[in-house]
Amino acid sequence: MLRFFCMLRGDAYHPCFRFLGLLPLLGALIMLTACGANTDQTYTGGDSKTIKPSPTMLAPAAVLKGVFKSIHMITITDGWAVSQSVPGSGSYTILRTRDGGVHWQAMLDCVSTQGQGKGFIAPCSTDFHSATVATVMAPQYNEKTQASSSLIYHTSDGGMTWRSSTISASSLEAPPVFVDGQHGWFLGTDHFPGRDPGSAYIGGQIALYRTFDGGQHWQRVVSGPSTSQLPTTSDDAYGLAPLTANARLQFSSSQIGWLAGNTYQNGNNSQGWLYVTHDAGSSWHPVPLPGKSTAVTFISPPTFFSEQNGLLLASASGPAPAYTPETRFYTTSDGGQSWQWNGASSQLQPINESVADLQHAWSLGDNSNDHLLYATSDGGKNWQKHALPAQFNRYGPVSFATAQAGWMIGMHITHMSFPETGGGLRPGDISVLLRTSDGGQSWQWNGASSQLQPINESVADLQHAWSLGDNSNDHLLYATSDGGKNWQKHALPAQFNRYGPVSFATAQAGWMIAMHITHMSFPEPGGGLHPGDISVLLRTIDGGQSWHEVSRAKI
């Protein structure tokens, strides 16, 4: 009923949507012409508009609900995070903290409508350039026209306002990036249908788009054929370097940018590569790396800590006959014109890692269940093992802002099956945001966590929240008045057998839908309701301890 009135408003950012949606409670990240690419001056209409959402303050950061997808801390106080309402739904929330993760604000809702097959939805992708500049991309699919497009949001004021624009191209693995409020780039695929009938997600070409006016206009700068690198279909093995489906994109200024990735050759063997542009993407040049470059299988985009100093991680294959996988640290002190490798390598794979500066890095390796965090303070020459809190059995992502200050998600999951509604979380599971101030040697959390599923919840302020958990038929409403540290049970009217959604405007005033359904079968015409079923609107003025009927509807 409440959702119906929200739909009549047609305002996705009206507070009623935030109450009724599944907002997670948080508590707690060679030139192109030489390889067959084309220079293109086509301009694509940006369909640009400015969005000013009302940021919603969520509960204290140690309370984690829903699925915490990533965290990216910029400084010891400022950072971003992404949560997913329900896995498979394509609905995400962009969050921001200004106090080191103690409190979070919901800055933007991102909804993807692009399928990936087998019932999965392509995720929203993000790039957090700084504490104020961020980019979010929502893959879009129009069932009527069967056309794919990319809806791009970007902010230069820390998420208080967002400018959106749409490009008629499908997204690939790299998120779009902005370096300020005006200059942005997007790597996508267009010219559908593609060359390979076995892949519906790769068009005939892979192209780089850019904007110099904040997305009002997008210029299709360069493009290349989406040639398949393998005899069998694989969505990350299309294109010619540097315009490939698996390329990662990064820009350090309005003129200097990087494309990094790998190309498959000789069967499934891959060769990593790195390209640079000094003219905002109009031309690209290969960057040689020292050492035996043929052993490098994948390269990540570089991270710069100043205008001159940067670091990149590369996956490589060790010497025969074992060919043991290893990770190399390459550094630059001249803005990326040259790169050095100190000869050190690690068998850790850069799957779940964070880098704070040229010397300090951390990794969970390829197995987050061994209760160990690996840390280096000498640029990868030596690695130390730090034990993680034993009460959790899954860790990550991890994000360090300095050599000492870091954040990480810790979870205790009783059923290790994914995906599940609620992200694999079930009653009794716990997920919290951990923090370290000694480089990962020890981790702290304030004890605030929830074992409730974020299925039917409402948040009034930093301390007060309510949830029906994952079973609205137990006639109980759970309430917290201390930011999730403790939860109280309130009995619901027994004459009903289904409850929710629930919506609180203050710590005392709330509303909830309650129903008495005679046939518990879904879906049915009319939403599962049969003649004789009852649906009422209840109200409380004492924080959910008692409820009174406001209006009634009978089928």
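A disulfide is a pair of cysteine sulfur atoms within 2.5 Å. The structure described here is a predicted model, in which local features need pLDDT of at least 70 and side-chain atom pairs count only at pLDDT 80 or more, while totals for chains, interfaces and linings use all residues. Residues are numbered from 1 along each chain as its sequence is written, and side-chain values use heavy atoms, with hydrogens and water left out.

The structure holds one disulfide. Its partners are Cys110 and Cys124, whose sulfur atoms lie 2.1 Å apart. The torsion about the S-S bond of Cys110 and Cys124 is about -95°, so this disulfide is left-handed. The pair links distant parts of the chain, 14 residues apart: Cys110 belongs to strand E7 (residues 105-111), whereas Cys124 is in the loop between strand E9 (120-121) and strand E10 (125-128). Strand names such as these refer to DSSP runs numbered from the N terminus (strands, E, at least two residues; helices, H or I, at least four). Both Cys110 and Cys124 are buried; the word buried stands for under 20% relative accessible area, exposed for over 50%, and partly exposed for anything in between (1.4 Å probe, protein chains only).

Val82 lies in strand E5 (residues 79-84), and with a relative accessible area of 6% Val82 is buried. The C-alpha atoms of Val82 and His72 are separated by 8.9 Å, and the two residues are 10 apart along the chain.

Next come some details of the backbone. A cis peptide bond joins Ala241 and Pro242, with omega about 5°. Pro242 is in the loop between strand E19 (239-240) and strand E20 (243-244). The peptide bond from Gly396 to Pro397 is cis too, its omega near 5°, but Pro397 lies in a strand, E34 (residues 394-400).

Positive phi values are found at Gln146 and Ala280. Gln146 is not a glycine, yet its phi is positive, about 55°. Its place is in the loop between strand E11 (134-142) and strand E12 (147-155). Ala280, again not a glycine, has a positive phi of about 65° and lies in the loop between strand E23 (269-277) and strand E24 (285-286).

Aromatic rings provide the next part of the picture. A pair of aromatic rings is described by the distance of the centres and the angle of the planes. Rings of Phe, Tyr and Trp (its six-membered ring) pair if their centres lie within 6.5 Å; planes under 30 degrees apart count as stacked, over 60 as edge-to-face and the rest as tilted. By this rule the count comes to 16 aromatic pairs. One of them, formed by Phe186 and Tyr209, is tilted, at 6.2 Å centre to centre and 40° between the planes. This pair links distant parts of the chain, with Phe186 in strand E16 (residues 184-190) and Tyr209 in strand E17 (residues 205-211), 23 residues apart. Phe186 and Tyr209 are both buried.

The rings of Phe504 and Trp547 have their centres 6.1 Å apart and their planes at 80°, so this pair is edge-to-face. Phe504 lies in strand E41 (residues 498-504) and Trp547 in the loop between strand E43 (534-540) and strand E44 (548-554), so the pair ties together parts that are 43 residues apart in sequence. Both Phe504 and Trp547 are buried. Elsewhere, ring pairs link Trp80, Phe128 and Trp162 into a cluster.

Rings may also have a charge over them (NZ of Lys or CZ of Arg within 6 Å of the ring centre and within 35 degrees of the ring normal). Arg96 lies over the face of Trp80, 5.8 Å from the ring centre. Likewise, the charged end of Arg328 sits over the ring of Trp341, 4.1 Å from its centre.

Finally, the strands themselves can be followed into a sheet. Strands of a sheet pair through backbone hydrogen bonds, either parallel or antiparallel. Here two strands pair if DSSP finds at least two bridges between them. An open sheet of four strands has the order E30-E31-E32-E33, with antiparallel pairing. Its edge strands, E30 (353-355) and E33 (384-387), each pair on one side only. E30 and strand E31 (residues 361-363) pair in the antiparallel sense over three bridges. Trp362 in E31 is the bridge partner of Ser354.
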